[in-house]
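Let's walk through this one together, going from the whole chain down to a single side chain. Have the viewer open as you read.

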Amino acid sequence: MEKEHINLLFTNWIDEIKSSVFNKNYICVALFSTDGNLVFANKAMASFFEGEPCKCLINPTFDKLVKIESDSSMVYEGFLTLGDITTDNVKSIKSQIFIKNNELLIVGVADAKKLIKQYESMYDLNRETINLQRQLIKEKHTLQETLDQLNEANLELKEINTTKDKFFSIIAHDLRNPFVVLLGFSDLLAENLKEFSINQIEEQIKLISQTSHQTYELLEDILLWSKTQLGKLTFNPQRIYFEDLYQAVIHNLSNQIQKKNITINFIEHEKSLIFADLNMFKTILRNLISNAIKFTYPNGCITVYCEKKNENLVVSVSDNGIGISPENQARLWKLSEQYTTNGTDGEEGTGLGLFICKEFVEKHGGKIWTESEIGKGSNFKFTIPLYKKEYSEITPVSQIISSSLSQTIST
């Protein structure tokens, strides 16, 4: 009798039941044929479907459900996971699934507490994923910075090792050879003093003197360079008139200038007061003018030109000598490149002087560069800061010349 009442109820109230049950967003109803075609789905269930409906059953899958053997029409009762895992649109509903007459019926309800917990878990997981992504991006950036630093350190280490090898090469070869010459000529002079004429003796003494001066300059550069590398060379800038310091340097190089009968023109439109370390600046100017003498032909001309530009004095040392090719100009400032050329009178060099010039110019916050063409001479330029404020004391000319004559490398 109860079954008849139920059948009567569904017969009389089928439209109302369909309207009340099927249209609720928390009641999910779907009917499939067992071959996977969707026959019916209410609005709540249809919201889970993306693409082919039967493939939106994730766990258990549609194929697994139709293969379940059961003594009754209900083949599954529990949570059914639906949606699309590729878009993270996944939900679980508490469901009962029936199979009868080649049809699969899904009736499910959403458990509010379960859904809230599920969404909270998904939110937490998503937040952790985002935080992990940010951390990974940060760590990747840090690793890249570390890698760049290691590469830079590796290049610096390689440069240091190459420079060290060059330094030892200079000591072993360039510093040793002049002493071989000095010993040879002095022994020759000592053994044949009574047999040599005055002219022969004078020639031997000139060679010994020339070699001694060259060796001293080289030793001076080596000591200066080693002090800069060890950080033991103090930097004491002071107010100096450029012309006074220039005259002191020319005084020291007078023998080289006279030997090749070179004319040196000094051009300074107005007296320039610079702010520089005395010993470092003398070394810069001495090396550049000495180089110009070395690569200028006998009876040639060298010009030292000064020009104020903003807060700096631009100093130019130009010659009409042999010039430097474009590919070799960049090599001048790297000791590791081992670029050296004999002068117009066979003078030898190590390249250490220009390397020191670069370090000392940059120590003053300036820059140094060259402009040159093969056969048309070279023009070495550098900047040095001008003194900005009023002053009461300036390094006198006598002190500069006295210091220049004693030892250039004192700190």
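Predicted model: local features only at pLDDT ≥ 70, side-chain atom pairs only at ≥ 80, totals over all residues.

Residues are numbered from 1 along each chain as its sequence is written, and side-chain values use heavy atoms, with hydrogens and water left out.

The protein chain has 12 helices and 13 strands; helices (H or I, at least four residues) and strands (E, at least two) are DSSP runs, numbered from the N terminus. Out of 411 residues, 37% are buried, meaning under 20% relative accessible area with a 1.4 Å probe, protein chains only. Take the contacts (heavy atoms within 4.5 Å) between residues at least 6 apart in sequence: 67% of them join residues at least 24 apart.

Now find helix H11, residues 352–363. From first C-alpha to last, its 12 residues reach 17 Å, close to the 16 Å expected at 1.5 Å a residue; that expected span is 1.5 Å times one less than the number of residues. Its buried residues include Gly-353, Phe-355 and Cys-357. Just after H11, Gly-365 has a positive phi of about 80°.

Finally, look at Asn-287 in helix H9 (residues 278–294). Is Asn-287 buried or exposed? Asn-287 is buried, at 8% relative accessible area. Its side chain reaches the backbone oxygen of Thr-283 at 3.0 Å. Setting aside neighbours within four places in sequence, Asn-287 contacts Asp-221, Gly-353 and Cys-357; Gly-353 and Cys-357 are among the buried residues of H11.

Technical notes: Buried < 20%, exposed > 50% of the residue type's maximum accessible area, 1.4 Å probe, protein only. Polar contact = N/O pair within 3.5 Å; in protein donor to acceptor, adjacent residues only side chain to side chain.
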